[in-house]
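Please read the points below with the sequence and the structure side by side. They are written as a colleague's note, one topic at a time.

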Amino acid sequence: MTQDESVHPGAVLAQAMAFQPARLVLTGIEIGLFTSLAEQPATEEGIRKRLGLHPRGTDHFLAALVELGFLERSPEGEFRNSRAARQFLVPGDEGYLGGFLRIAGQVMYPAWDRLGEALRTGAPQASTYTGEDMFGELYESDEKKDGLVGMAEDASRPLIPALVESFEWEKHSSVLELGGCRGNVLAGLAKAHPHLDACVFDLPQLEGDFTTHMADIGMAGRVRYHGGDFFADALPQADVLMIGHALVDWNDEQRRQLVKNTFAAVRPGGAFLVWDPVIVDDDESYLRNLIRSLNLQLMTPHGKGYRVEQCAEWMREAGYAEVDHTSLGHDVTLVVARKD
């Protein structure tokens, strides 16, 4: 609102209490509501019996999800998933976001309750790790590792079609993805551009998960894996190096060093690609990515959002000759640095 506009207390309350509708959706995922209704629509009584819910509150919980657009109710009183819920909250659909949102409800939501402490101390507030080596610690637990991998893939999956189209892949023959996890993004890229020699570079702890996943999706042998630490180990050479949803996990000095490390590995005439929720002034994503930056401060030892101008500066300092950027949608910006 501008200063000239009158401010209604309802608008202030709605914004300040927005955690309530958020919790409705996250709880629906937590208790398995959307998955259950995908199997078979049910009345309120049927839902209560199926999910073990108490009569007090269940009727209004379901009615509120109808009003939010996640459920539909027939004249006979049967509840079913709305189109949005079917597309994004039920496992098996390509647009599934439930893995991300389940962990968000379990880990991010409690951490945001301690935002004041994070602002006072600068310390992360996530309860899933205790030291500086967040990834190493999380990967020691299969449950935590699977949760982190699921979140990463849910976040990156909607970007694959735009990434396939937003760069001149036909001019290059090889690509190396830093922090590529189980290879989901590179698999999508290799399917669309079969000529690419594609390789994931990530921590050795993930290689078994990568191998299993590539076999499951019919891409075994099409995408390779190279285990290592991109801060400590030399990077394999490729025409194109890229990193997505990962540069945000580090502080500015670490990011500057990582970008510098890529320059020697990019072959002449190649490029380095970064895709992240970059903060871009006057873009419609500006506020949402500021909030994502705060989320990174709560969830990681070092992470914080960065501005597109900062990223371009790191790339030019590393020796890249030309830098430009474009939107991939979903509040993510692709920054491309080219090497002469």
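1. Two residues are said to meet, or to be in contact, when they have heavy atoms within 4.5 Å of each other. Helices (H or I, at least four residues) and strands (E, at least two) are DSSP runs, numbered from the N terminus. The model is a predicted one, in which local features need pLDDT of at least 70 and side-chain atom pairs count only at pLDDT 80 or more, while totals for chains, interfaces and linings use all residues. Residues are numbered from 1 along each chain as its sequence is written, and side-chain values use heavy atoms, with hydrogens and water left out.

2. In the helix pair, E44, I47 and R48 of α4 meet P55, T58, D59 and L62 of α5. Helix α4 (residues 44-51) packs on helix α5 (residues 55-68) at an angle of about 120 degrees, and their axes lie 10 Å apart; axes are lines fitted to C-alpha atoms, for helices over the stretch in contact, and angles run from 0 to 180 degrees between N-to-C directions. Angles under 35 degrees count as roughly parallel, over 145 as roughly antiparallel, 65 to 115 as roughly perpendicular and the rest as oblique, and α4 and α5 are therefore oblique to each other.

3. An open sheet of mixed pairing is formed by seven strands in the order β5-β4-β3-β6-β7-β9-β8, where two strands pair if DSSP finds at least two bridges between them. Its edge strands, each pairing on one side only, are β5 (223-227) and β8 (322-329).

4. Strands β7 (residues 266-276) and β9 (residues 332-338) run antiparallel and are joined by six bridges, and W275 stands opposite L334 in β9.
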